[in-house]
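Please find below my notes on the model under discussion, arranged as numbered points. They begin with the overall fold and then turn to individual residues.

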Amino acid sequence: MADRPAQELPPPLSPLPASPQYQQVLAVLCKHPDAWFTVNELTSKLIRVRKCARRPTVELYAAGYLLRWISDARKPGRAEYQYRLNPDAAQHAHALLDA
């Protein structure tokens, strides 16, 4: 992770209601807790159940369940946010999955 820019500080954890949208995104992230995903990568993993993972991903980030960083804007291509499960919120994420 040394070549990555500093990740943003996550917002404080706010409990979310059980929702299939949140559960679908969290299911992918909980299977790969150390991996970073763009919204497009998450959407491709949910293609059979969701058209887009953008809204639930952003809402999970805003509630503190996810960490994010932005790719280096100096590199070719458009800068993108990448998301992963916030280890400090993993217990809450698993509870939301089980709800």
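1. On the basis of the notes. This is a predicted model, in which local features need pLDDT of at least 70 and side-chain atom pairs count only at pLDDT 80 or more, while totals for chains, interfaces and linings use all residues. Residues are numbered from 1 along each chain as its sequence is written, and side-chain values use heavy atoms, with hydrogens and water left out.

2. On the fold. The protein contains four helices and two strands, where helices (H or I, at least four residues) and strands (E, at least two) are DSSP runs numbered from the N terminus. Along the sequence these elements follow the pattern α-α-α-β-β-α. The radius of gyration is 13 Å, close to the 13 Å that the globule rule gives for 99 residues, so the protein is as compact as a globular protein of that length; the radius is taken over C-alpha atoms, and the rule is 2.2 Å times the number of residues to the power 0.38. Taken along the principal axes, the C-alpha atoms fill a box of roughly 40 × 30 × 20 Å.

3. Buried residues account for 38% of the 99 residues, with buried meaning under 20% relative accessible area, exposed over 50%, and partly exposed in between (1.4 Å probe, protein chains only). The protein exposes about 6,100 Å², of which carbon and sulfur atoms supply 54%; the areas come from the Shrake-Rupley method with a 1.4 Å probe, and for residues only the protein chains shown count as cover. Of the contacts (heavy atoms within 4.5 Å) with a separation of 6 or more, 64% are between residues 24 or more positions apart.

4. On charge. There are 13 positive and 9 negative side chains, and the centres of the two sets lie 8 Å apart. Lys and Arg count as positive and Asp and Glu as negative, whereas His and the chain ends are not counted; each charge is placed at NZ of Lys, CZ of Arg, CG of Asp or CD of Glu.

5. On R84. This residue belongs to strand β2, which spans residues 81–85, and R84 counts as buried because its relative accessibility is 13%. Neighbours within four places in sequence aside, R84 is in contact with L29, P33, D34, A35, W36, Y65, L66 and L67.

6. On N86. This residue sits in the loop between β2 and α4 (90–98), and N86 is buried because its relative accessible area is 6%. The N86 side chain reaches the backbone oxygen of G64 at 3.1 Å. With neighbours within four places in sequence left aside, the contacts of N86 are P10, G64, Y65, L66 and L67.

7. On L60. Located in helix α3 (residues 54–62), L60 is buried, since its relative accessible area is 0%. Not counting residues up to four places away in sequence, L60 touches L16, Y22, V25, L26, Y65, L66 and L96.

8. On S14 and A18. S14 is placed in the segment before α1 (20–31), and A18 lies in the segment before α1 as well. S14 is partly exposed at a relative accessible area of 35%, and A18 is partly exposed at 48%. Residues up to four places away in sequence aside, S14 touches A63 and Y65, whereas A18 is in contact with Q23, L96 and A99. The C-alpha atoms of S14 and Y65, 51 residues apart along the chain, are separated by 8.2 Å.

9. On A99. Found in the segment after α4, A99 counts as exposed because its relative accessibility is 63%. A99 touches A18 and Q23, not counting residues up to four places away in sequence. From C-alpha to C-alpha, A99 and V25 are 14 Å apart in space and 74 residues apart in sequence.

Conventions
Polar contact = N/O pair within 3.5 Å; in protein donor to acceptor, adjacent residues only side chain to side chain.
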